[in-house]
Amino acid sequence: MHSPLQAQVVQWLLQPGETVAAGDVLVILEAMKMEHEIRAPHAGQLAELYFQAGETVGEGEVLLTLAPLSEAAASSVTAQPQPTQPEAPAERADLKKLQDRLAFTQDAQRPEAVAKRHATGLRTARENIADLCDPDSFVEYGALAVAAQSRRRSADDLMRNTPADGMVTGIGCVNGQRVVVMAYDFTVLAGTQGMRNHQKTDRMLGVALQNKLPVVLFAEGGGGRPGDVDVAIVAGLNLATFASFARLNGRVPVVGVVAGRCFAGNAALLGCCDVIIATAGSNIGMGGPAMVEGGGLGVFKPEQIGPSDVQHGNGVIDILVDNEAQAVTAARHYLSCFQGAQSEWQAPPAEVLRHVVPENRLRVYDTRAAMQGMADEGSLLQLRTGFGVGIHTALARIAGRPVGLMANNPLHLGGAIDADAADKAARFMQLCNAHGLPIVSLVDTPGFMVGPDIEATAQVRHVSRMFVAAAHLRVPLLSVVLRKGYGLGAMAMTGGGFHETLATVAWPTGEFGGMGLEGAVRLGYRKELEALPEGPEREALFEQLLAQQYDNGSAINMAATLEIDAVIDPASTRDWLVAGLESGQTRPFDGTLAIDTW
């Protein structure tokens, strides 16, 4: 037999004169600090060895002579009796060591911490991840990390009490598609941000950005951790985590979920998310009680800082739910809207849309009924319901296709657009634009809100955001005028003008004008009205002129002059929208797509 490589002879396992079976190990060679087993190619008798242990053999040199055996002898050598059942291999020591070590990262190994967590009515980080991800799909990154505190704590203490450094990270499937998941573990050092969980976060953010994977962050925790001493730092402000997290903006969907308390650095990451889903018992703030007190701003309990009713009303929380199970369900629903079309869907009854708008043009109604009537059954997910209530925003599906829906709200200021509603609508357009969702706009507005008080809210800047956001849309925009389509507000709802959309259609209840009809009559016919004395005669003239203006600005007249594309039966609205969604194209990126945090 010839040596297959240049190596040093480590050990002969058989001596001359011994018989061997095919596959028996004859000699161990070492090359480049790695050992190689040389096996018998066939049964035989070891005749002569040409090298001793410790000597070097060149590649191709003769190592040994293996004399062949007679057929009978060879048969007796190879025909060894086999056990009726193979014996189970002994457990490898290295594998057992790994399994023992990983056990400390699991909830089952930490019953006291888990029980304490459950006593608060909350779930563990790993329970939330298991609920979010499809079964058996989560693969964990950085499970063996511990807090960077080895100079003040023993290795055993860190292993037992700081598993994963308080941050569970990895990749799982949600609705069958891969998603990066990161969850601060409040049972470990109060979910604070340590050196190593920052490193884990940075690693996952890089994976998400490079591979265009959505990110879900369970953000509960207390912010930066001052107790890590294994690194020589002063302030620790040279972190990449916050910049890396913000860099995902507009590139991949980013979902923040919070229950319990979320303060400081954890809240800063949460605020960078496209959508924030929070439980009713949550508290969110840029500083917890210690930071507030340290700044000389008073002494407060955690529950007093950023409670959910405050954060929902001011727009921080996009989706408010009762508990973590509902939060995870909402996260799965949200992500599904960015995971492509679905082949199975159920349409709502089309005729219902005929009865959404009252025949009395002055009667208020809820435009969310129109949203429900256009969206596939069970697909509507409303966003920011507590803020900017003058405009409703929601994600939904129409014939299986994900879309963004926004609608004026006549129940608030008659549908007039104020600063908060404009901010909400502009950011919603940015969200849909960044992630390629077509937009359906349902219009019923008398225009932008006006008056001295409203101008004190910087109305001019806020409402103009809608024009700027629409001017940068790369996704199709479809508009349906349900009733009032007046002035600049209606133009803002239709991308800046009625012909800036892929299609602008109206229901028969549609009415149009450069401003509200009542105001237009009082302004345009002031002289005629003032020529009559106050009383029934003037009011009769006003009503006559108003009726003329209403008839002139009817949906049919608008379509006849081609200012809108069509007047449609409300029951056929979905057909129009499906045709538009099939016709419209999403243009490729022509630059950075950003979504305002506000």
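In the close-ups below, Ala, Val, Leu, Ile, Met, Phe, Trp, Tyr, Cys and Pro count as nonpolar, Asp, Glu, Lys and Arg as charged, and the others, Gly among them, as polar. This is a predicted model, in which local features need pLDDT of at least 70 and side-chain atom pairs count only at pLDDT 80 or more, while totals for chains, interfaces and linings use all residues. Residues are numbered from 1 along each chain as its sequence is written, and side-chain values use heavy atoms, with hydrogens and water left out.

**View 1. The largest cavity holds about 140 Å³ of space.** Of the 17 residues that line this cavity, Arg117, Asn128, Phe218, Glu220 and Glu324 are the closest to its centre. (A cavity is a set of points, on a 1 Å grid over the protein atoms alone, where a 1.4 Å probe fits but cannot get out; lining residues have an atom within 4 Å of a point.) Its volume is the space filled by probe spheres set on the points, with grid points joined across faces, edges and corners. Helix H4 (125–132), strand E10 (177–184) and strand E12 (254–258) each bring at least two residues to the lining. (Helices, H or I with at least four residues, and strands, E with at least two, are DSSP runs numbered from the N terminus.) Sorted by class, the lining has nine nonpolar, three polar and five charged residues. In total, the model has four cavities of 30 Å³ or more.

**View 2. The second largest cavity contains about 60 Å³ of space.** The lining has three nonpolar, one polar and four charged residues.

View 3. (Unlike a cavity, a pocket is an open set, with protein on both sides within 12 Å along at least five of seven lines.) Among its 23 lining residues, Phe338, Gly340, His435, Gly436 and Leu437 lie nearest the centre. E10 and strand E19 (401–408) each supply at least two residues of the lining. By class, you can count 12 nonpolar, seven polar and four charged residues here.

**View 4. Threonine 169 sits in strand E9 (residues 167–174).** Is this residue buried or exposed? With a relative accessible area of 0%, threonine 169 is buried. (Buried means under 20% relative accessible area, exposed over 50%, and partly exposed in between, with a 1.4 Å probe and protein chains only.) Leaving out residues up to four places away in sequence, threonine 169 touches Phe138, Val139, Glu140, Tyr141, Val181, Met182, Lys200 and Met204. (A contact means heavy atoms within 4.5 Å.)

**View 5. Three aromatic pairs turn up in a search of the whole structure.** In one of them, the ring centres of phenylalanine 448 and phenylalanine 467 are 6.1 Å apart and the planes stand at 85°, so the pair is edge-to-face. Phenylalanine 448 lies in the loop between strand E20 (439–445) and helix H14 (452–455) and phenylalanine 467 in helix H15 (residues 459–471), so the pair ties together parts that are 19 residues apart in sequence. Phenylalanine 448 is buried at 16% relative accessibility, while phenylalanine 467 is partly exposed at 23%. Turn next to phenylalanine 498 and phenylalanine 512, whose ring centres are 5.7 Å apart with planes at 75°, so this pair is edge-to-face. Both phenylalanine 498 and phenylalanine 512 are buried. (Rings of Phe, Tyr and Trp, taking its six-membered ring, pair if their centres lie within 6.5 Å; planes under 30 degrees apart count as stacked, over 60 as edge-to-face and the rest as tilted.)

**View 6. Arginine 522 lies over the face of phenylalanine 542, 4.0 Å from the ring centre.** (A charge sits over a ring if NZ of Lys or CZ of Arg is within 6 Å of the ring centre and within 35 degrees of the ring normal.)

**View 7. Leucine 189 and alanine 264 have positive phi values without being glycine.** Most residues other than glycine have a negative phi. Leucine 189, with a phi of about 50°, is in the loop between E10 and helix H6 (195–211). At 29% relative accessibility, leucine 189 is partly exposed. Alanine 264 has a phi near 55° and belongs to helix H8 (residues 264–271). With 12% relative accessibility, alanine 264 counts as buried.
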